[in-house]
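Q: Can you walk me through this one? I have a few quick questions.

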Amino acid sequence: MQLSLNEDQTQVLDFIDSLAKPYASVPMHDVSLALESAELDQALVENGFLDVMAVEELGPVTAALVIEKLARLPFAVESAASAMVRPLIDPELPRPICLVEEGRLRKPVRFLRPGATVVVVGPSGVRSFTATEDAIAPAQEDTLYAYPVAFLTGLPQAMTLHEVDAAEVTRAWRVAIAAEAAGLLGAALASTVTYVSERKQFGRPLATFQGMRHRLAEDQVLTNTAYWLALRAAGTGDPADAAMALLHAQEAAKRVCYDYHQFLGGMGMTLEHPLHLWTYRLKLLTAELGGRGAQGLAAADALWG
Amino acid sequence: MQFEWTEEQDAFRHKIRDFLIANLPDGWEKFSEHGPASPALTAFAREFCVKLADVGLLFPHWPREMGGEGLGPWEQQILAEEMWIAGEPRGGQYMNVNWVGPTLERYGTSEQKARYLEPITRGQSLWCQGFSEPDAGSDLASLRTRAELKDGNYVINGQKIWTSYAGLADTCFLLTRTSDDRKKGITIILVPMDTPGITVRQIPSLIGEGDIHEVFFDDVTVPESARFGEEGQAWEIIAYSLRNERLGIPRFTLARAALDRAVSMLREAGDFDREYVRIEAARCAALCEAAGTANYAVVQRRVDGLAIGAESSSARYATVMAERAVCEFVVEFLPEGLAGASPYLKMHHQRGIVAGVAAGSAEIQLNIIASEVLELPREPR
């Protein structure tokens, strides 16, 4: 057992911090529902941050740390599938990577756009195809989720079948989303803490009221444990750990998204405050891989058969 | 980062398990239904801890200069986990090796160390914490039990309440008021429990026989040398010892073991194929593992020689959440477990419901997290 960051991990995270500095806050006057940056994405690719899992001394825990770190940014980055799932399937698959459960095609697909690699995972195995314009439904302008999302019109006749265990891909998928959710939980908490520490009502900061302090403290406990469970699941590679990590993250997300918008009051209903960039990503992640119930069943199967 | 135990740590865990198999009597599970402070378990622990000491498992994590094996915080954690899962056969003596001994070593006079450490290392002493009072629970600093220095002796008057182990303890780690300066007016006195003027009354409880008490001090007189630390130093000393105590009981491990036991009973009864039961069981398991990882993150800080601050309150609250979830799971899906069908589940429930109260209430932990982890502006007082 050794839970401190090693020197390599510290360096990777410090480097990401410095590279992502221009993207650490929301551009002035930007009231987008979703924020992306092609320049940030390109810089991450060029510096190899999405390929750390394959580096022997870095591995899956570092990949989870990278995903968690990037998810804290107000800019949405397709890192989870690329950094943790793609290496298991084919490290050369073109990004972004869109993971889709077989038989659940009606759901919004994050980062889906022409040129993206869509990976369909399920009983038929792990298959992929490159998304073309006709595979994507007309652009959704009215999504509330703070990710770029689109819908598939269907699956092509021909897909590439990958020689990889679908259960193993699903395990990595769970870990990747748990790590992404952990970063979103951390950023949403920090953002809320700043607001309620400054906003005054009844002559004092909102954060001085115990009703709010206790709920925020409970949210901190959930956020901290979501982080550790995600890292542990990455480190052990155990299917039960993966399912529990995502179950816990999805449970936490459900609760904090309500809390934080509540605490921000009217401001939490606006796009002037960036909170929604994290909470409305978290909300979509609560639906990933069938949601809490599906993770619960997967964890129960893995733990007790 | 490495989330697996090393071979040496695994071997250490197996050594403890082998010891438990060899030294816990037949029918132990039923026997351990007695609370950790019960006369039966206390008497058992006096023999059991001697055997533990004989094989170097009573205080292996203590430094060599204290007679320990100098093993690290991870080994202390492993030892605590295995003992707690087994129903804590050390009884109240777990406190001795977790915090009483190290606190004595750090703050005690040479006379106090000579007097109290040796019986701890022989597995023969039992301490109680004279902390809470009828009007000073979570607001501990408002305690009123007074100690007055007269002619080289402290004369103590007052009352403590909800005191674990007091019925059979040899010594009380007693918080007293020596001046009206709130926290700075509190002083620790080590009081032999057979001192004239002490009256102990057991309080019937949900959490097991002999566990909690009222303790009355009427002109209890002890020499000035019984003072532990300086006058007014108590708050600093108990902050040190409570940091150890909060991590001291790895309750999440027993919660997880109880959950596994409940699942196996449900399966035997043909009740574990219902999806909602499986999902709820998984949610409980995730909360137990979540608490485990939070606790381990704090242990790592200890390994790294870093100060342990409010992270321990966060880890402790995670444990409270896990305990609550498992207690509720058992009551909802295996109500017979608390009514004679499973001594182990009953034992867990009785110990689990204490998680949010003992060693500082869960709400106090939330206050600490709010102020010291989240650094929220403080509430007006």
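**Helix and sheet notes**

A: Helix α10 (residues 311-333) of chain B has 23 residues and spans 33 Å from first C-alpha to last, close to the 33 Å expected at 1.5 Å a residue. The expected span is 1.5 Å times one less than the number of residues. Helices (H or I, at least four residues) and strands (E, at least two) are DSSP runs, numbered from the N terminus. This is a predicted model: local features need pLDDT of at least 70, side-chain atom pairs count only at pLDDT 80 or more, and totals for chains, interfaces and linings use all residues. Residues are numbered from 1 along each chain as its sequence is written, with chains lettered from A and ligands numbered from 1 in the order in which they are written.

Q: How many residues of α10(B) are buried?
A: 19 of its 23. Buried is 20 or more other C-beta atoms, placed from the backbone, within 10 Å of a residue's own.

Q: Switching to chain A, what is the strand order in the open sheet?
A: β1-β3-β4-β6, with mixed pairing. Strands pair if DSSP finds at least two bridges between them.

Q: Which strands stand at the edges?
A: β1 (97-101) and β6 (160-162) of chain A; each has a single partner strand, so one side of each has no neighbour in the sheet.

Q: How many bridges join β4(A) to β6(A)?
A: 3, and the strands run antiparallel. Among the residues involved, Ser128(A) has Thr160(A) in β6(A) as its bridge partner.

Notes
A residue is buried if 20 or more other C-beta atoms lie within 10 Å of its own, exposed if 12 or fewer, and partly exposed in between; C-beta atoms are placed from the backbone.
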